Structure formats: C-alpha cells, structure tokens
Amino acid sequence: MKHLFKAALAAFVVIAVLSVCGCTADKFEYSDFFAMNTYVSVSAQGADKQILDNIRTAFTEYEKQLSAHYDGSVINSPESSDAESYQNTMILLKQAHSISEATNGAFDFTLGAVTKLWNITGNSPSVPSQNEISEALSHCGYDKISFSDGRFYSSDNKLSIDLGAIAKGYAGDRGMEILKNSGIANASISVGGNVTVIGSSPANLKCGTKGWKVGIKNPFDTSDILGTVNISDATVSVSGSYERYFTQNGKIYHHIFDSTTGYPAESDLISVAVICRDATIADALSTALFVMGYDKAMDFCNSNIYDIGAVFCTADGRVFTTDNIKDDFIPNTNAKLSSSAHIKFN
Ligand code: ADP
Ligand code: MG
C-alpha cells in the first residue's frame, strides 16, 4: 500500500488544473463529455482523437448496459441483451455481489426499489410514507441474486438492480484499460467523484517526478478542497451527502441509503474518499464506508479485507485518514467549515 502512494511531493495539482501544460514530447490531449449521468473528463498524453472517441463510445455503451433507468439495459432486460454485454455485466454483478457480502449490505447493489421510490434527484422529491418504504425495502437484498451457468437470477421479480454506486468506477477502470492498450502511460479519467490516474501529471513530468496530485473537495465549500492525495496508478473515489439531496421540514435527505431502513443513511460522515488501485472497488467502498459511519468504516479499512486507504470528513468538520495514507495526504489547513470555523485535521 505504501508503495501505491509514493508519488512525488513536488507534484502539483488537482484535476481541474490539468489543462495547464503538456511539457514533454507528447502533448496531453483532453476530452470532456456527459455520460452515466455525470461529467467525464479524460486527459491522456499522446492520445489521438480516435482513442478519445473510443472512450466516449465505451462510456455510452456502459450506460446503456448498466443503467437502472433504461428499460433496455442488461440489468433491466437481461433476456434481450447480446452475449457480450451480458457477460461483461455478469462480471460486474459478481463483483458487486461480493462487495455487498464483504460490507454486510452497507453497499447493496439491489436497492433499486428504494432509490426509485425516493427519486432524490427527480423534479420534486418528497419523503415517502413508511408503508411505501417498507414495501420497497421488502424487494431489496443482495442475497436474492444468485449466479449459475453463466447467468444471474433474482428470487424476487420486483427486485431492481441499481449499480449507481459502482458503475462509474467500473467505467473508469475500463476506460483506463482502453488507454493502456493504446500504449498511453500518463493519463487521468475523472467520472463524477471518481478520479483514476496512471503514470504522472503534466506538471510532474515537467519536474521529473512521478504521480498525480488529486484534490478532495471540501464538502462545506465545494469551490475549495480539504486537501490533496498523491497517487500513481490508482483511483480516488468520493461519496458524500452534500451534493445530491433535498430538504424537507429542515431535514436533509440525501442519495446514499441504509439497506436496513430504506432511509438515507444516518451517517456521522459528510464525505469519504477511498484510494485504491481498482476504481470499481474504490467506488463501491466509498459508498459503503459512508453508510457505515466513521468508527465502523475505520475498522473496516484496518481489517485489510481490501487494500484501500481513506480520508474521512465528519459532519461536524473533522478530517481523519487511515494510517497507510498519512504521508500522502496533504491537508489544506485553510479549509473552512463555516465563515468562522476551520476544518480540524487529525
Ligand atoms: P455518486 O453516484 O454521487 O458518485 P455513490 O457512488 O455513493 O455516489 O453512489 C450513490 C448511488 O448509488 C445512489 O444514487 C444510488 O443509485 C445508489 N445507492 C444508494 N445507496 C446505496 C447503497 N447503500 N449501496 C449501493 N448503492 C447505493
Ligand atoms: Mg460509490
């Protein structure tokens, strides 16, 4: 793990600054587009238009295969999907199932009935009745999904798969594969709150040092950062309650659900950043750790079930990191909790 974060101290920057320079023989090329319900940014040294187009096409394809909101997706209409899409989706579903088990349902890829009922990002969301929530929850549960003979089955025909907490990471992994297979050694792909990098940033290449500096947003002021992590060949995935939510009677209802209650998770965290070599795992686990809350999440990281590091920000403005990334997280000591209080770094 240590090795994973041994990127150079002199590295600069947050993804937003990537466009500043391409200083070596091959220039960094950039592509920005909207897919999987979020903004995607690709920067890759020496990429041509065809490679960048391939990534965009691939993302559009993943969205079609994996979306809970598209009737024709593989997860919604498995019987009418082609063999290749089905097999690719199966691989992701198996991984989602295994992470659901490992996190004891903190991450649960079968919460579609609950997420659709709440429809947090819909036009005018409101809190559903307890009866509606209980009914929806009765059609959730990763243990209702099984795999045999190369196919997946659900024991509940009202169960709905929702890969919203893992699909962006998966797309990041696959996108990076496309770049690597094209011979690209230095690149970043940002998919919503997931940033995957290989090699070095333009600035680090200029300085002759390795890695990328990735900024983690301050959830209390999203125009600022909590700090940066130095990584190389890894992903930073952030989950939090501060971006997708609605307010009713003064209470915030966000988009990350507790699979035991059917309500938004009552977490003492406001955001979690997970650092991992695998973007799919990073994405799913950032959601899971958020649901667990700080104490359980820290224990989970320390249990080493997965090789991850994490930066936690609590709802009362304190930041904690796992020991294995202490040397690679550089706090922004000016980060503010409110106009009169600073974030506390532990
Ligand atoms: P974002 O999509 O904003 O990057 P996440 O990766 O944390 O954030 O994924 C949140 C999405 O995952 C929700 O919009 C919903 O579709 C789905 N989801 C919500 N709660 C859970 C959960 N406990 N386990 C798995 N998926 C969830
Ligand atoms: Mg996630």
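Predicted model: local features only at pLDDT ≥ 70, side-chain atom pairs only at ≥ 80, totals over all residues.
Is Thr 287 buried or exposed? Thr 287 has 11% relative accessibility, and buried means under 20%, so Thr 287 counts as buried.

The table gives the axis geometry of each pair.

| Helix pair | Axes come within | Crossing angle |
|---|---|---|
| H2 (residues 83-102) and H7 | 11 Å | roughly 40° |
| H5 and H7 | 7 Å | roughly 165° |
| H7 and H8 (residues 294-302) | 6 Å | roughly 135° |

Start with H2. The axes of H2 and H7 cross at roughly 40°. That angle makes H2 oblique to H7. The crossing is right-handed. On the H2 side, the contact is made by Leu 92, Gln 95 and Ile 99. H7 supplies Thr 280, Ile 281, Ala 284 and Leu 285. By class, the contact of H2 with H7 has 5 nonpolar residues, 2 polar ones and no charged ones.

Next comes H5. How are H5 and H7 oriented, roughly parallel or roughly antiparallel? Their axes cross at roughly 165°. Angles over 145 degrees count as roughly antiparallel, so H5 is roughly antiparallel to H7. H5 passes H7 in a right-handed crossing. From H5, the contact takes in Ala 167, Lys 168, Gly 169, Tyr 170 and Asp 173. From H7 come Ala 279, Thr 280 and Asp 283. The contact of H5 with H7 holds 3 nonpolar, 2 polar and 3 charged residues.

Then H8. The axes of H7 and H8 cross at roughly 135°. H7 and H8 are therefore oblique to each other. Leu 285, Leu 289 and Met 292 of H7 meet Tyr 294, Lys 296, Ala 297, Phe 300 and Cys 301 of H8. These residues divide into 7 nonpolar, no polar and 1 charged. Leu 285 of H7 takes part here, and Leu 285 is also in the contact with H2.

### Val 291

Val 291 is found in helix H7. Val 291 has a relative accessible area of 14% and is buried. Which residues does Val 291 contact, leaving aside its neighbours within four places in sequence? They are Ala 106, Ile 256, Phe 257, Asp 258 and Ala 265. Phe 33 lies 258 residues from Val 291 in sequence. The C-alpha to C-alpha distance between Val 291 and Phe 33 is 30 Å.

### Two loop residues with positive phi

Two residues in loops have a positive phi without being glycine. Asn 104 has phi near 55°. Asn 104 lies in the loop between H2 and helix H3 (112-118). At 68% relative accessibility, Asn 104 is exposed.

Asp 149 has a phi of about 50°. Asp 149 lies in the loop between strand E3 (145-148) and E4. With a relative accessible area of 74%, Asp 149 is exposed.

How values were computed: Residues numbered from 1 in each chain as written. Chains lettered and ligands numbered in written order. Heavy atoms only, no water. Buried < 20%, exposed > 50% of the residue type's maximum accessible area, 1.4 Å probe, protein only. Axes fitted to C-alpha atoms, helices over the stretch in contact; angles between N-to-C directions. Helix = DSSP H or I, 4+ residues; strand = E, 2+ residues; numbered from the N terminus. Parallel < 35°, antiparallel > 145°, perpendicular 65-115°, else oblique. Left-handed = near helix turned anticlockwise from the far one by under 90°. Contact = heavy atoms within 4.5 Å. Nonpolar A, V, L, I, M, F, W, Y, C, P; charged D, E, K, R; others polar.
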